[in-house]
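My notes follow as numbered points, to be read alongside the model.

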Amino acid sequence: MNGPTVVVSPAPTANGDLHLGHIAGPFLAADVYTRYARATGAQVLFGTGVQDTSTYVATTAHRLGIEPQALVERSAKEVEATLAALGIAVDAFTGWERRFTSYVARVVTELRAKGALRLRPMPFPYAPSTGEYLVDGHVAGGCPVCLADSCAGLCESCGHAVTAGELLDPRSTRNPEERLEIREVDVLVLPLEDYRERLRAHFAEAAGLLRPHAAQVVAELLDRPLPDFPVTYPISWGIPAPDLPGQVVNPNAEPVAWTMYCSMLAAENRGMEPSSEDALWRPEAAARVVYFLGIDNIHPFGISGLAMLLALGDYALPKLFLTNEFYELRHEKFSTSRGHLVWGRDLAAQVPRDLIRFHLACNSPEFQRTSFSHDELVALTKTRLVEPWNRVAAKSDDRVWRGAMPVSDRGRSDALRMVERFEVAYELPGFSLNRVAETLTQQLARLDRAPVADGGDFCHQVDVLVRCAAPLLVDLAESALAGSDMLPGTALREVVRRTVIEPVRLPRLQAVRG
């Protein structure tokens, strides 16, 4: 018997609201897939949250002149509101609750008790003016792998983990002119090299499941010796490291504990009663974990994260990592500090969210960087969605007064072919927002051109199209189908076979003004 599907979008840093780069990447894809999978009868648990332990919370709070905890609380409320505004419905939203932080501490303690973590010296930049060690968002420099300018922690350019002491020409992000020293500190590390061959074997079994860039990053990481991964940092902001005064848990070492906790919380919120945080991760649970994440998160979730699972014991290792590239604004990276962004909630206040979801699906950065333009949103949604849909809806209205109409074998056959094309776009591992939007565009254009002499066949296919598009166009589907079983899946296959249809008056879409 198949267990639940756990869908995870890694928690964004709690240093602000969600911009379109967040939405167009993991969040919209995870929501659309969750809605589709539930329609097929799957039990799905979808979770995310905010990460308050990142050093970027501290650096942003300093820049804004507010306390870090105040920034965390404000950001969490903003992120939840933005997800709701864009129709992204999560079952679990984690934050700074003690229940989670205590679990992280227990996981670190268990790993240390097993002998999986070692106390070893590691170099860190040190700022003499403040007496602080600098990590992650506090220090930048050249990536020792790809030479790109990068903060410590994770290089967004090549995907490698970069310890602060390895940066080339490190500089403080707060005081760039200060001369830094390199000092060694004993921290807890996970010796990743001990797990490299097992990770290579795991990803060999998962061949074909990763998107090309992710497969390239994983292969590059595993084709060379893996450096020790710091599990604790000698800083003050974060979850206190158990039995190591003056140190905290590295935020990039939290993903395993966080994902387990998030899946448990999602299960509880959907009426399940998991026996522990890790219950869904045990082999007997037969759960399938699906990560929707940015390409820069492959290391903490797919390399060091899986190594931690191996170190902890008997757990099923995830294989499905649906990555995305960066989504840009006018072909430059979204930047909160420079004000170069579009907040998701601000756009939702101006544009119907179905149109936003459709546009972001059309240019979702699945395989390469893509860029947002408001003018393109206006033009694309008008020509590919709003105008053809309104013409199709008008054709359907002409049939409403006739009452129930028969559906022919050809009408049912065409509807089935349409369902099959959508299923190819929705199913894992080939799930693709781009192809969902493309399939919707093609089928809508076909119905726009189609004659309506056989009104039963036409109305039947329009109804099936709305059901197929429902995971993406949530408001249109709810309005058009009036609470009926609106999503694709087993029930839809039964709808496809019907021989009579009762046409209904369909809602219209409103175009966005430029």
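1. Which strand order does the open sheet of 3 strands have? The order is β18-β17-β19, and the pairing is mixed. Here two strands pair if DSSP finds at least two bridges between them; strands (E, at least two residues) and helices (H or I, at least four) are DSSP runs, numbered from the N terminus. The edge positions belong to β18 (332-333) and β19 (370-372), each with a single partner strand, so one side of each has no neighbour in the sheet. Strand β17 (residues 327-329) runs parallel to β19, joined by 3 bridges, and L329 has F372 as its bridge partner in β19.

2. A word on the ground rules. This is a predicted model, in which local features need pLDDT of at least 70 and side-chain atom pairs count only at pLDDT 80 or more, while totals for chains, interfaces and linings use all residues. Residues are numbered from 1 along each chain as its sequence is written, and side-chain values use heavy atoms, with hydrogens and water left out.

3. Next, strand β4. Strand β4 (residues 118-127) pairs with strand β11 (residues 181-191) in the antiparallel sense, over 9 bridges. The β4 and β5 strands make a hairpin with 4 residues between them, and G131 in its turn has a positive phi of about 70°.

4. Helix α12 (residues 409-426) is worth a look. Its 18 residues reach 26 Å from the first C-alpha to the last, close to the 26 Å expected at 1.5 Å a residue; the expected span is 1.5 Å times one less than the number of residues. Buried residues of α12 include G411, R412, D414, M418, F422 and Y426. Buried means under 20% relative accessible area, exposed over 50%, and partly exposed in between (1.4 Å probe, protein chains only).

5. Now for helix α13 and its packing. Helix α10 (residues 353-362) packs against helix α13 (residues 433-449) at an angle of about 115°, with the axes 7 Å apart. That makes α10 roughly perpendicular to α13. The axes of α13 and helix α14 (residues 455-469) come within 11 Å and cross at roughly 165°. That makes α13 roughly antiparallel to α14. Axes are lines fitted to C-alpha atoms, for helices over the stretch in contact, and angles run from 0 to 180 degrees between N-to-C directions. Angles under 35 degrees count as roughly parallel, over 145 as roughly antiparallel, 65 to 115 as roughly perpendicular, and the rest as oblique.

6. How many disulfides does the model have? The count is 0, taking a disulfide as a pair of cysteine sulfur atoms within 2.5 Å. For C468, the closest cysteine sulfur is that of C459, and because the two sulfurs are 16 Å apart they are too far for a bond. C468 is buried at 0% relative accessibility, and C262 is buried too, with a relative accessible area of 2%.

7. Finally, is G16 buried or exposed? G16 is buried, with a relative accessible area of 14%. It lies in the loop between β1 (5-8) and α1 (20-39). G16 and Y315 are 299 residues apart along the chain, and 34 Å separates their C-alpha atoms.
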